[in-house]
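Could we go through this chain together, one question at a time? I would enjoy talking it over with you.

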Amino acid sequence: MSNQILTQTRTRSGTAPWLTNLRMRIRTLPIVKGTGNTLFLLAFFYLYLYIQRNPIFEVTQIPATAIDNWIGFQPWGLGLYLSLWVYTALPVALQPNLRHLTRYGVHIGLLCSVGLLIFVFWPTSVSAAVGPREGAVHSP
């Protein structure tokens with residue numbers, strides 16, 4: 001691209017170039033991106049919950065911090081928590097082509113694998129800090 005194109009504030013259609021680029025990225029490979037992201041998250045959370053329920057090593061209890069005790073659970077914060085589904089899908093949706101999408105997938109897969117391996121060898125829990133959860137199964 002020439003510098004002239006990069007410095008334009010509007011395209012011929014009157015749309016800002018960044019908005020045109022954003023639309024193009026989101027419209028590229030939508031089935032591959034949507035299906036791949038869904039399958040990746042299902043696999044990750046299956047493994048995460050399996051590791052959590054079947055620890056190999058002793059579970060380290062993480063105590064509540066002063067901030068935890070000060071803030072506690074706030075119902076209005078649930079929206080921020082649920083935004084996880086937006087910010088995990090957004091990087092996938094914004095990949096411009098299959099090559100970049102594949103590269104991103106490999107890197108995020110490696111990052112998640114490292115996180116899961118850490119959790120395998122150093123399982124942690126905040127259960128003692130937050131108290132029992134409704135519906136949880138407790139061992140005697």
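This is a predicted model: local features need pLDDT of at least 70, side-chain atom pairs count only at pLDDT 80 or more; totals for chains, interfaces and linings use all residues.

Modeller: Residues are numbered from 1 along each chain as its sequence is written, and side-chain values use heavy atoms, with hydrogens and water left out.

Colleague: Happy with that! Which pattern does the chain follow along the sequence?

Modeller: Helices (H or I, at least four residues) and strands (E, at least two) are DSSP runs, numbered from the N terminus. The chain has eight helices and two strands. Read in order, the pattern is α-α-α-β-α-α-α-α-β-α.

Colleague: What percentage of the residues count as buried?

Modeller: Buried means under 20% relative accessible area, exposed over 50%, and partly exposed in between, with a 1.4 Å probe and protein chains only. The chain has 140 residues, and the share that counts as buried is 14%.

Colleague: And how much of the accessible surface belongs to carbon and sulfur atoms?

Modeller: Areas come from the Shrake-Rupley method with a 1.4 Å probe, and for residues only the protein chains shown count as cover. The accessible surface of the chain comes to about 11400 Å², and the part belonging to carbon and sulfur atoms is 68%.

Colleague: Let's turn to α3. What distance separates its end C-alpha atoms?

Modeller: The expected span of a helix is 1.5 Å times one less than its number of residues. With 24 residues, α3 should therefore span 34 Å. The model agrees, as the end C-alpha atoms are apart by 34 Å.

Colleague: Which helices do the buried residues of α3 pack against?

Modeller: Those buried residues are K33, N37, L41 and I51. Contact means heavy atoms within 4.5 Å. The helices they pack against are α2 (17-27), α6 (84-93) and α7 (98-121).

Colleague: Is T28 buried or exposed?

Modeller: T28 sits in the loop between α2 and α3. Leaving aside neighbours within four places in sequence, T28 is in contact with K33, P96 and N97. Its relative accessible area is 17%, so T28 is buried.

Colleague: The backbone oxygen of which residue lies 2.6 Å from a polar atom of the T28 side chain?

Modeller: A polar contact is a pair of N or O atoms within 3.5 Å; within protein, one must be able to donate a hydrogen and the other to accept it, and residues adjacent in sequence count only if both atoms are side-chain atoms. For the T28 side chain, the backbone oxygen at 2.6 Å is that of M24.

Colleague: Two glycines next. Which counts as partly exposed?

Modeller: Helix α7 holds G109 and also G115. G109 has a relative accessible area of 17%, so it is buried. At 36% relative accessibility, the partly exposed one is G115.

Colleague: How far apart are the C-alpha atoms of G109 and F44?

Modeller: Along the chain, G109 and F44 are 65 residues apart. Their C-alpha atoms are separated by 9.0 Å.

Colleague: Last one: what is the relative accessible area of S125?

Modeller: S125 belongs to strand β2 (residues 124-125). Beyond its neighbours within four places in sequence, S125 is in contact with V59, T60, Q61 and I62. S125 is buried because its relative accessible area is 16%.
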